[in-house]
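Thanks for making time this morning.

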Amino acid sequence: MSQINVTRSSMPEFDEYCEEIRELWESRWLTNSGVKHKKLQADLEDYLGVPHLTLFTNGHLALEYILEAMNFPKGSEIITTPFTFASTTHAITRSGFTPIFCDVNKEDFTIDVSKIESLITDRTVAILPVHVYGNICDTYEIDEIAKKHGLKVIYDAAHAFGVTVNGVSVACFGDASMFSFHATKVFNTVEGGALCYSDDSLVPILDSIKNFGLCGEDCTVAGGNAKMSEFHAAMGICNLRHVDGEIAKRKIAAERYFERLEGISGIKICTPAERVSSNYAYMPVVFDGYRYSRDEIREKLAEQGITARKYFYPATNEFSCYKNLNQINTGNTPIAKDLSEKVLTLPLYADLSVEDVDRICDIITKR
């Protein structure tokens, strides 16, 4: 039987990409905001419905740099969730801030808004929630809390490209949203990322920070290097043409999973909320009281050439790099810990056939 990986990158036809990059052999302009970079930026602003979008070499640096651009005092506290990829928490600590871990809710695994206010102190400057698996945080309640306490809201929207809530692009919420364009994401530029925001003043700051802090011949900040190349931008231009079709194909596979696994005792799946137009980024399944544990299911699938991923495991506040740092309170987050020990993301990508979904579900449900 053929191998089924947990994900498979979407790519345009080879000839389409070659045609897109042809002019680069004539111009030899390969980076530093060339024509492909500018076109992708404009195309994404239009697609996501945002006034400003800045491209980066990856989503992680985009997140670090927006924290720097906000000019928070070093040592400030940022409320976030540990049920996320390592990048979220690392971006906070590497930027000189302290993560304050808030637990998640059991329904969609996003930050539990009812617990945020109890974590706010006089050192809190921002909330950094995560749209998990494409499940969208309670953005309206978070906005109310932030306004009440004078906090910034920066979303880790790495999983949420193209998602809308009540018809509004998820990119429009908060003070900024970070998207990852890594090869495994619904929309990819091979490697890449972006920040979406509405504050005009952030445009020159972010453009400078990602280009060594240069402003003419001077450096106004000690910036880094996070520029997206023309080749990566060209891949994005091509993939954006097809992303709606790729999401539609993902939906077919996801709905087959829902049909096969929903209602089985001991198995919890997340179906999209009514208000949300999903991108079907991931297929998380929680095995809680099922006849097989998460790890046993993972092993059964692996024996048949099927890769599933313990994602996220462990919760980031369980990482040794944080548990051994006295200044970071790893917090009381039992739901995040429990989920991390029971969740398994099953294969899901645009080219995954219904027959392959059935093969996966047959293994899971076989007695």
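**Helices, sheet and a loop**

In helix α7, which covers residues 202-209, the buried residues are L202, L206, S208 and I209. Around the axis they cover an arc of only 160°, which puts them on the same side of α7. Please keep in mind throughout that this is a predicted model. As for what these buried residues of α7 pack against, the partners are β1 (52-56), α4 (59-69), β9 (193-197) and β10 (214-215).

Let me move to helix α3, residues 35-48, which has 14 residues and reaches 20 Å from its first C-alpha to its last, close to the 20 Å expected at 1.5 Å a residue. Which residues of α3 are buried? They are K36, H37, L40, L44, E45 and L48, and because they cover an arc of only 165° around the axis, they fall on the same side of α3. As a reminder, an α-helix has 3.6 residues a turn, so residues three or four places apart point the same way. On the other side of α3, K38 and D46 are exposed. The buried residues of α3 pack against the helices α1 (14-21), α2 (24-27) and α8 (230-261), and also against the strands β1, β7 (168-169) and β9. After α3 comes G49, whose phi is positive, near 70°.

Now to the sheet, which is open and has seven strands in the order β1-β9-β8-β5-β4-β2-β3, with mixed pairing. The edges are taken by β1 and β3 (98-101), each with a single partner strand, so one side of each is left without a neighbour in the sheet. From one strand to the next, the twist averages 25°. Within this sheet, strand β2, residues 77-80, and strand β4, residues 124-128, pair in the parallel sense over four bridges, and I78 stands opposite A126 in β4. Helix α4 lies across β1, β2, β4, β5 (152-156), β8 (176-180) and β9, and runs at about 160° to β8.

Finally, the loop between α10 (320-323) and α11 (334-340) is where T333 lies. Is T333 buried or exposed? It counts as buried, because its relative accessibility is 8%, whereas the cut-off for buried is under 20%. Leaving aside residues up to four places away in sequence, T333 touches P82, F101, C102, D103 and N317. F101 belongs to the range 98-101 given for β3, one of the edge strands.

Note on methods. Residues numbered from 1 in each chain as written. Predicted model: local features only at pLDDT ≥ 70, side-chain atom pairs only at ≥ 80, totals over all residues. Heavy atoms only, no water. Buried < 20%, exposed > 50% of the residue type's maximum accessible area, 1.4 Å probe, protein only. Helix = DSSP H or I, 4+ residues; strand = E, 2+ residues; numbered from the N terminus. Arc of directions from axis to C-beta. Contact = heavy atoms within 4.5 Å. Expected span 1.5 Å × (residues − 1). Pairing = 2+ DSSP bridges. Axes fitted to C-alpha atoms, helices over the stretch in contact; angles between N-to-C directions.
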